[in-house]
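Let's take a walk through this model together, one stop at a time. Have the sequence and the 3D view open as you read.

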Amino acid sequence: MLKKVYFILLTVILIASCVETPGEGTSMLTDNFDRKEMLEFWAEEIILPAFSNYQDYLTSLSDQATVFYSDPSLNSLESFRSSWLEAYLAWQEVSMFEIGKAEEIGLRNFTNIYPADPELIFDNINSGNNFNLDLPSNFPAQGFPALDYLLFGSADTDLNIIDVINTPETMEYVVTLIDRLNTLTSEVQSDWELSFKDEFINNSGSSGTASTDKMVNDFLFYYEKFLRAAKVGMPAGVFSGNIETNLVEGKYSGVYSKQLLQRGFSSVQDFFNGVSFDGQATGNSLSQYLTDIHISNNTDFDFSESINVQWDVATESISDLQDNFQNQIIEDNNKMLTVYDELNKAVRILKVDMMQALNIQVDFVDADGD
Amino acid sequence: MSKTYQFLLLSLILLLITSCEGPDTPINIENPVSYEFVRNGESTVSFGGQTDRISMGQELIEAMLNFETTESDLLEMYSNQTASGDDANPYSSAALNESTKSVKSKVAASEDFFSSNTVESAKIKADIESWIIAQVIEVFPNQNQLAAPGIAGQIADGSSARYVNGQGLEYNQAVNKSLIGALMVDQMLNNYLGTAVLDAADNIINNDEEMVEDGQAYTSMEHKWDEAFGYIFGGEGNDYSNPLTTLGGDSFLNKYLLRVEDDADFTGIASDIFEALKFGRAAIVAKDYDVRDAQADIIKDKVSEVIAIRAVYYLQQGKIALENNDFGAGFHDLSEGFGFIYSLRFLRDTNNNSAYFGEEEVSSFIDQLTNGNGFWDVDSATLDQMSEAIAAKFEFTVAQAAN
């Protein structure tokens, strides 16, 4: 008897040490989802309309700059500022699409790197046109954050701001910044229209370089780094341990930081759920894809549900915040930290569960910060 | 009971017995909880020279990114003397300016590897010096240029600007990471932890009789061991008595120990190194030199592994970034990788009591990275081959090191 027990025990030990665990990231799931149809919907119903909308707002920003400079007044400054805000909000709807030409030229770096650097901005203004906005060191001297500084923060009162930005050199710089946003965006937009759209849709396979894999990675990267971390986590001091009012998006205008976050976040949710840009239609996107995998494999969870449930909680926590995040983190940073936590809970589901279900490899890593 | 059963049963019993046996710890030496050693109520722990050199290295690598700095400023920070050999005061810290120590004098200067190999030692000192000079000559003038193949300048890594030479190399990273090998690792593994230094002159007799150095509380042997300790746990930002709580306190070996520790495949390595340093020091106090040397071997193995893992890590990270056409991020990874590869030369293979990588082997790696337009041209296959060649000498895989 004892002999038998030993033998069984031994066998168990030997077997246990020989069993291979399945390799990570290799999905055994059946996948009959039509990726091409999804890519088509993304391109035609979300990405292109979002860029075209953004481009329209940039055009009116240019127009309002012209109006302002032909007749600088408190009224024309006000209109100038609102069209800046509208364009900035429209940017939040395209920022996650850093793919194709946008990725190649680094559109986000030239559009929305904050905090702006006022000293650098004035160095450029006073350089006698001797500056190069293509340089990475000039990221913080251009785009919406630089305009935020010039239009809202360059002096203590609105009248004084008009004096500051109405000098010939500053005017030229402001116009240059707005022109540049227009030029870069139309470059991206026309590339989509002329060639990239077909390339994007037809590259419908499943590999590290396929459109779905790349777009999902870009989407995730945006969510993690630019929404969760930059808009919420960094100002709230999640990484440094100290609140950082300087790192709030739109810090000079102040009152729009919540709106900017909300617009970015709702765009993320709409993309995930396949809501067309005009809000009128629903098509195949990640949510439908996850449900499809869940049903055809009879898995335990439909991750699209868990993600949406978590995002509802996050949306709720965002609605508790003040419009001005600088005030929010000074007065009650716990609410900001709560938002971060709720946004962060979705990262795990997206990055691990979703990626495994869709058999997509994460292609970015956390930089080690040096 | 058949023969087979008997055999299996015996194997099982043996398996159980061996797995129950504890580590080979002589009962008479206690491994203290913290790195605290006293004699007559006075601490015997001392590694001020190491702290100073780490701080000097820190100032040097920071100054390499300050575009106002001149070539002679940087060279003085490297050698802590003027070009004509006079006393220099290049540092922001007054204490460092008063110090007579320098970074350069201890680069590739270990007893075991370089005391009879001064030709290579001189070459390594000069390599690092040449990168310092090139930063001023090639990169500083192109501060406001976009980098391109063959052209030094700026390149975006995420939202930050990196400054590279015409081959995509950041000289500041090359210097920073090469010093980890050429200064910290070489001094630690091939100098202070070797018997040539620990047992030099009358060190054993003096330690046996607790003859302390003039005016000090420590014996020579104790001090040598502490100097090894100082290069990994003795930076300004470290709590040396419980250094696992302050990992990442400097920009050199300590920081990359933390990085490897943070990789789930290698968690525990920081504690292994600390325990061995502590236990080896306790063995010196207990006058048990076999135990001391066994600990020294553990430290040599583990510290060598840290450098090799980071070399492979950066090659693989750089490869992924370049495959995604993210040149800025890729160049940054390969710049760090360049320094870690340069550092491979100083790793110590305790099985053969020799270097893991010879001079030519490391040169060939560096050549492959800097061929033609360097990082602009290097392909994935080359980076993979190099990674495999490095990992093959150790017990980790490329995949384990890569993330």
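This is a predicted model: local features need pLDDT of at least 70, side-chain atom pairs count only at pLDDT 80 or more; totals for chains, interfaces and linings use all residues.

Reading from the N terminus on, its elements run α-α-α-α-α-α-α-α-α-α-α-α-α-α. The C-alpha trace of chain A spans about 100 × 45 × 40 Å along its principal axes.

Now move towards the end of that chain. How do α13 and α14 of chain A pack? Helix α13 (residues 303-319) and helix α14 (residues 325-357) of chain A meet at an angle of about 165°, and their axes are 9 Å apart. Angles over 145 degrees count as roughly antiparallel, and α13(A) and α14(A) are therefore roughly antiparallel to each other. Their crossing is left-handed. On the α13(A) side, the residues in contact include Phe303(A), Ile307(A), Trp311(A), Val313(A) and Ile318(A). On the α14(A) side, Val339(A), Leu343(A), Ile349(A) and Leu350(A) are among them. Sorted by class, the contact of α13(A) with α14(A) has 12 nonpolar, 4 polar and 3 charged residues.

Asn359(A), in the segment after α14 of chain A, has a positive phi of about 55° although it is not a glycine.

Next, go back along chain A to the loop between α5 (107-111) and α6 (118-125), where Pro115(A) lies. What kind of peptide bond joins Tyr114(A) and Pro115(A)? The bond is cis, with omega about 5°.

These two residues turn up again when we look at the cavities. Tyr114(A) and Pro115(A) both belong to its lining, together with Tyr88(A), Ala116(A), Pro145(A), Asp148(A), Val248(A), Gly250(A), Lys251(A) and Tyr252(A). By class, that lining has 7 nonpolar, 1 polar and 2 charged residues.

Let's cross over to chain B. Helix α7 (residues 171-192) and helix α10 (residues 220-233) of chain B pack at an angle of about 155°, with their axes 9 Å apart. α7(B) and α10(B) are therefore roughly antiparallel to each other, and their crossing is left-handed. In α7(B), Leu183(B), Met184(B), Gln187(B), Met188(B) and Tyr192(B) meet Lys224(B), Glu227(B), Ala228(B), Tyr231(B) and Ile232(B) in α10(B). The class count for this contact is 7 nonpolar, 1 polar and 2 charged residues.

Our last stop is another helix pair in chain B. Helix α12 (residues 269-285) and helix α13 (residues 289-323) of chain B pack at an angle of about 155°, with axes 8 Å apart. α12(B) and α13(B) are therefore roughly antiparallel to each other, and the crossing of α12(B) and α13(B) is left-handed. Residues of α12(B) in this contact include Ile273(B), Leu277(B), Phe279(B) and Ile284(B), while those of α13(B) include Val291(B), Arg292(B), Ile298(B) and Glu305(B). By class, the contact of α12(B) with α13(B) has 12 nonpolar, 2 polar and 4 charged residues.

Methods. Residues are numbered from 1 along each chain as its sequence is written. Chains are lettered from A and ligands numbered from 1 in the order in which they are written. Side-chain values use heavy atoms; hydrogens and water are left out. On a 1 Å grid over the protein atoms alone, a cavity is a set of points where a 1.4 Å probe fits but cannot get out, and a pocket is an open set with protein on both sides within 12 Å along at least five of seven lines; lining residues have an atom within 4 Å of a point. Ala, Val, Leu, Ile, Met, Phe, Trp, Tyr, Cys and Pro count as nonpolar, Asp, Glu, Lys and Arg as charged, and the others, Gly among them, as polar. Axes are lines fitted to C-alpha atoms, for helices over the stretch in contact, and angles run from 0 to 180 degrees between N-to-C directions. Helices (H or I, at least four residues) and strands (E, at least two) are DSSP runs, numbered from the N terminus. Angles under 35 degrees count as roughly parallel, over 145 as roughly antiparallel, 65 to 115 as roughly perpendicular and the rest as oblique. A crossing is left-handed if the near helix is turned anticlockwise from the far one by less than a right angle, and right-handed if clockwise. Contact means heavy atoms within 4.5 Å.
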